[in-house]
Amino acid sequence: MQLTNRAKPVDRKPLSIAEKIYLPAVLKGMGITFSHIFKKKVTINYPEETRPFSPVFRGLHILNRDEEGRENCTACGLCAVACPAEAITMDAAERLPGEENLYREEKYAAKYEINMLRCIFCGLCEEACPKDAIYLTETFAPANYSRKSFVYGKDNLVIPHPKENPEAFAKAKGLIDERKAKANQAK
Ligand code: SF4
Ligand code: SF4
């Protein structure tokens, strides 16, 4: 019994000689393959080659330090409030006497975490920050096997210390300056 009228009869006609020897089909397939040799490649040899990022690309976050190496973040929580994915969590702590060289403000983030699996890289945290502390860069989280490893803490986020690792600091600062320049251009 036929339930619908969508059924199509199967074509069961016997194969022709050309179809039986498969040669014309193989040659047709090879013709298609060879025709692509002279066309511009759409693929690249990643990771040796990378494509340029879009000027508006937003990637992994970094937490900024000032030129003296003090952390900018004052744990105000504005980034966490602005985050639509609720990806940011932090614990605030008060700076103790003698810690002025570590933290720029009287309050700082003792713990600061971003869950990169929740993050949608919208950049709202960067826009909400009043302390020039959080920036999104042109890098992305490397692949990993465990979900836990995508919760980035301060050890992953805070940029290197300018006195302990000046080269890495300059590189990280460069990313921030680039981002600022692009933001100014877009205005
Ligand atoms: S980029 Fe957007 S989603 Fe990701 S942590 Fe910042 S505010 Fe949240
Ligand atoms: S990163 Fe900026 S907005 Fe977020 S808690 Fe630190 S100072 Fe506040």
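Begin by selecting D132, which is partly exposed, because 14 other C-beta atoms lie within 10 Å of its own; here a residue is called buried if 20 or more other C-beta atoms lie within 10 Å of its own, exposed if 12 or fewer, and partly exposed in between, with C-beta atoms placed from the backbone. D132 sits in the loop between α4 (124-128) and β4, and its phi is near 60°, a positive value in a residue other than glycine. What you are viewing is a predicted model, in which local features need pLDDT of at least 70 and side-chain atom pairs count only at pLDDT 80 or more, while totals for chains, interfaces and linings use all residues. Residues are numbered from 1 along each chain as its sequence is written, and chains are lettered from A and ligands numbered from 1 in the order in which they are written.

Next, select Y22, in the loop between α1 (17-21) and α2, where phi is again positive, about 65°, although Y22 is not a glycine. Y22 is exposed, with 11 other C-beta atoms within 10 Å. Then move to P47, in the loop between α2 (23-35) and β1, and look at the peptide bond that joins Y46 to P47, which is cis, with omega about 10°.

Now zoom out to the whole protein, which has six helices and five strands, where helices (H or I, at least four residues) and strands (E, at least two) are DSSP runs numbered from the N terminus. Along its principal axes the C-alpha trace spans about 90 × 50 × 35 Å, and 16% of the 187 residues count as buried.

For the inside, select L63, C73, C79, I88, C125 and I134, the residues with the most contacts within the largest nonpolar core, which has 23 residues; such a core is a set of buried Ala, Val, Leu, Ile, Met, Phe, Trp, Tyr and Cys residues joined through C-beta atoms within 7 Å. The largest share of this core, four residues, comes from β3. Keeping C125 selected, look for C79, A82, C83, I88 and I134, which C125 touches when residues up to four places away in sequence are left out, a contact being two C-beta atoms, placed from the backbone, within 7 Å.

Finally, select the ligands. Around ligand 1 there are 14 residues, the closest being C83, C119, C122, L124 and C125, whereas ligand 2 is surrounded by 13 residues, of which C73, C76, C79, C129 and K131 are the closest; a residue is counted if its C-beta atom, placed from the backbone, lies within 6 Å.
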